[in-house]
Amino acid sequence: MKHLKQFAFSQRSIMVVLVCTSLLMGAAIIGQAYYFVAVIEGVFLKKLSFDAVIPLLVGLFTVLVLRAALTYISGRSGVKLASGAKISFRTALLNKFAKNPVQASMQGQSGRKISILMDASDDVDSYFSSYIPQMIQTAIVPLLILAAVFYHHIYSGLIMLITAPFIPFFMALIGVMTKKEIRGTA
């Protein structure tokens, strides 16, 4: 696992793209929330006409398109990272077997070993194409949202900061209780 992370973070240009898209994604999420609130407030609380809300709807549409584009760019960057990782792993594995072809063939089933190793290099695809980009987004986006909440209302930010660590605990608790319930009824 350590080797996989080292390879991922050695691809500087792709990592810069992933970090930048995550920052922009956080800004887009904040913008989306702002436009949703502005439209709802304008229509239901201020009783604005549809014509008065159109600029807000255009802003919302723009932010949604930006978020979709950023998701696409992040996904493409993850696929590019995965492709480079698979090429690197396959080259390293083939070089290792090429250095000792006689010894590897004497141990038997060298074709099967190479097939398994090639399949293993394909299995790292989801780690690089999905997990790494999501890990970066998960590290950046909540911090941006928390900063925006603190900027607008410090007490709400404090509530989020205090209660957020309990979310994984309660998710695990719900999972354990659900598992017990399923086993009890089965």
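Where do Tyr127 and Tyr131 lie, and how many residues apart? Both lie in helix 6, four residues apart, about one turn of the helix. Helices here are DSSP runs of H or I with at least four residues, numbered from the N terminus. The model is predicted: local features need pLDDT of at least 70, side-chain atom pairs count only at pLDDT 80 or more, and totals for chains, interfaces and linings use all residues. Residues are numbered from 1 along each chain as its sequence is written, and side-chain values use heavy atoms, with hydrogens and water left out.

Stay with the rings. A pair of aromatic rings is described by the distance of the centres and the angle of the planes. Rings of Phe, Tyr and Trp (its six-membered ring) pair if their centres lie within 6.5 Å; planes under 30 degrees apart are stacked, over 60 edge-to-face, and the rest tilted. By this rule there are four aromatic pairs. In one of them, Tyr127 and Tyr131 have ring centres 5.2 Å apart and planes at 25°, so the pair is stacked. Ring pairs also bring in Phe128, linking Tyr127, Phe128 and Tyr131 into a cluster.

Buried means under 20% relative accessible area, exposed over 50%, and partly exposed in between (1.4 Å probe, protein chains only). Tyr127 is buried, at 10%. Tyr131 is partly exposed, at 42%. Another ring pair is Phe169 with Phe170: the centres are 5.3 Å apart and the planes at 65°, so this pair is edge-to-face.

Those two phenylalanines also belong to a nonpolar surface patch. Helix 7 (154-163) and helix 8 (166-185) are the elements that give two or more residues to the patch. Helix 8 supplies the largest share, six residues. Patch residues have over 30% relative accessible area and no salt bridge; nonpolar side chains (Val, Leu, Ile, Met, Phe, Trp, Tyr) are joined within 5 Å. Areas come from the Shrake-Rupley method with a 1.4 Å probe, and for residues only the protein chains shown count as cover. Phe170 is partly exposed, at 44%. Leu161, in helix 7, is partly exposed at 46%.

Return to helix 6, residues 125-152. Gln137 sits there, buried at 14% relative accessible area. Leaving out residues up to four places away in sequence, Gln137 touches Ser22, Met25, Ser74 and Pro142. Contact means heavy atoms within 4.5 Å. Met25 also has a C-alpha atom 7.8 Å from that of Thr71, 46 residues apart along the chain. Thr71 is in helix 3 and is partly exposed, at 44%.

Now the charges. Side chains of opposite charge can pair when their charged atoms come close. A salt bridge is a side-chain nitrogen of Lys or Arg within 4 Å of a carboxyl oxygen of Asp or Glu. The whole structure has one. Asp125 and Lys86 form the bridge, at 3.7 Å, N to O. This pair links distant parts of the chain, with Asp125 in helix 6 and Lys86 in helix 3, 39 residues apart. Asp125 is partly exposed, at 29%.

Finish at helix 1, residues 2-10, where Leu4, Phe7 and Ala8 are buried. Seen down the axis, these buried residues fall within an arc of 100°, so they line one face of the helix. The arc is that of the directions from the helix axis to the C-beta atoms. The buried residues pack against helix 2 (12-45), helix 3 (50-99) and helix 6. On the other side of helix 1, Lys2 and His3 are exposed.

Conventions
Patches are made of residues with over 30% relative accessible area and no salt bridge: like charges are joined within 9 Å, nonpolar side chains (Val, Leu, Ile, Met, Phe, Trp, Tyr) within 5 Å.
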